Amino acid sequence: MARANFSYFMAPSNNYPNFKTGKDATNPLNYRPIALTCCLCKLLERLVNRRLVHYLETNNIIHPHQSGFRKGCCTLDNFLSLETDIRLAFLQKKHLVAIFFDIEKAYGRTWRHGILSYLYALDLRGNLLIFIRNFLRLRKFQVRVGVEFSDSYIQEEGVPQSSVLSVSLFIIKINNILHQLPSFVKGHLYVDDLYISCTGNHISFIEQQLQTAVQKIKHWSDFNGFKLSASKSSGVHFCRKRGLHLDPEIEMDGRIIQIENQVRFLGILFDRKLTFLSHVKYLRKRCERALNILKVLSDTSWGADRLSLQRIYRATILSKLDYGSAIYGSARKGVLKKLDPIHHSALRLCSGASRASPTSSLYVDCYEPPLEIRRQMLLLHYYLRISSNTRHPCHGFQLRPFLHRLQQASHPLCQPFSQECMIL
């Protein structure tokens with residue numbers, strides 16, 4: 001098979017570097033490179049990626065707790081695992097400490113030789129391995145600023161971003177990081193987003209286990225070419241026990257990992273009491289900004305029609321409300337009701353109804369259910385999907401009998417995932 005000669009530019013379509021939103025524009029490190037290839041090359045990459053993923057899934061090579069870009073898996077799997085462990089720790093009156101790692105330039109630092117060696121160890125031979133080797137080697141990149149182009153440089157390490165094949169190759173390289181954890185420490189991955197957690201009655205035990213896990217992960221990362229950022233990594237101490245409880249001190253690279261009151265993981269804010277209040281407030285602010293689009297487009301003299309407004313609402317606002325609703329929907333009803341005014345305002349703008357119109361008439365007129373019913377519907381869809389997939393890591397998940405009795409005796413306002421599905 002002939003070697004694939006792909007050019008590699010740091011831009012999506014115009015050769016300009018792609019700026020990372022919210023970063024310092026004067027720092028060149030805050031610009032992300034994007035691979036540009038022709039449509040036929042992209043089609044060929046998809047064909048090769050489909051064959052590679054089929055081989056990996058058939059032979060159960062990918063770790064079951066890796067949910068990134070896999071068929072039947074999504075970010076909800078990571079949310080469910082974390083939320084369930086926290087709820088169980090609360091029921092058993094234990095501590096749970098989770099560490100969320102940040103990998104610096106994960107795609108750009110991936111060790112190519114390590115990828116090829118791992119594929120060779122998996123008994124991959126022939127044209128597939130030759131294509132992947134040629135796909136990674138001699139990739140050039142160039143930057144355009146204004147009308148000037150930089151010199152062309154060869155990328156010595158890393159996988160090209162924006163390629164479907166690059167994600168699978170990166171997953172292959174980082175796959176063994178979860179095998180480094182001690183038996184008392186759990187870990188989950190979504191491509192390069194890694195978190196580990198440990199539950200126990202005593203902080204000293206949790207600190208010892210997590211420190212061992214961090215050291216093993218750090219040693220594995222240094223050997224395989226990854227660099228963990230201690231300054232950007234953070235942890236959360238989830239606990240509802242009364243009294244004063246000191247946070248654990250986990251060290252990495254001679255620096256203590258900061259223990260925060262909340263952390264954003266894959267777009268969801270997890271606070272230490274798991275109330276999801278901060279996430280609901282943050283989500284409401286985002287939706288209020290997006291609601292301004294409907295206010296502009298709903299003008300009676302020149303605005304869009306009802307069908308177009310509803311489609312815009314579903315794409316710009318309702319999609320944000322749906323994301324992760326199966327997890328943050330376990331919050332108290334008083335917290336979740338903070339999102340209802342956004343839903344009602346958008347339906348009034350789409351239908352042209354007055355402010356005095358009852359909300360029940362808005363649901364009927366716009367064919368949209370209340371947010372509470374919509375969250376229940378999405379929860380059941382997700383539950384049925386993982387129940388129908390016997391290979392899913394959360395398949396058949398349910399609370400143990402004594403925890404069910406404890407759950408019923410405590411009558412908490414927030415129910416875990418399995419309990420909510422049983423109620424519905």
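Mentor: Two strands pair if DSSP finds at least two bridges between them. Strands (E, at least two residues) and helices (H or I, at least four) are DSSP runs, numbered from the N terminus. This is a predicted model, in which local features need pLDDT of at least 70 and side-chain atom pairs pLDDT 80 or more, while totals for chains, interfaces and linings use all residues. Residues are numbered from 1 along each chain as its sequence is written, and side-chain values use heavy atoms, with hydrogens and water left out.

Trainee: What makes β8 and β13 edge strands?

Mentor: Five strands form an open, mixed sheet in the order β8-β9-β3-β10-β13. Strands β8 (185–190) and β13 (258–260) each pair on one side only, so by the pairing rule they are the edges.

Trainee: How do you know that β3 and β9 pair?

Mentor: The rule asks for at least two bridges; β3 (residues 95–101) and β9 (residues 193–200) have seven, in the antiparallel sense, and therefore count as paired. L96, for instance, has T199 in β9 as its bridge partner.

Trainee: What makes you say that α6 packs on the sheet?

Mentor: Contact means heavy atoms within 4.5 Å. Helix α6 (residues 203–223) touches β3, β8, β9 and β10 (234–238). Its direction makes about 150 degrees with that of β9, on a scale from 0 to 180 degrees between N-to-C directions, with axes fitted to C-alpha atoms, for helices over the stretch in contact.

Trainee: Why is N49 called buried?

Mentor: Buried means under 20% relative accessible area, exposed over 50%, and partly exposed in between (1.4 Å probe, protein chains only). N49 has 14%, so it is buried. The residue lies in helix α1 (residues 39–58). Leaving aside neighbours within four places in sequence, N49 is in contact with V164, L165 and S168. Across the protein, 47% of the 424 residues are buried.

Trainee: What makes a space a pocket, and which residues lie nearest the centre of the largest pocket?

Mentor: On a 1 Å grid over the protein atoms alone, a pocket is an open set of points with protein on both sides within 12 Å along at least five of seven lines, whereas a cavity is a set where a 1.4 Å probe fits but cannot get out. Lining residues have an atom within 4 Å of a point; the largest pocket has 41 of them, with K20, D102, I103, K105 and A106 nearest its centre. Strand β14 gives the largest share of that lining, three residues.
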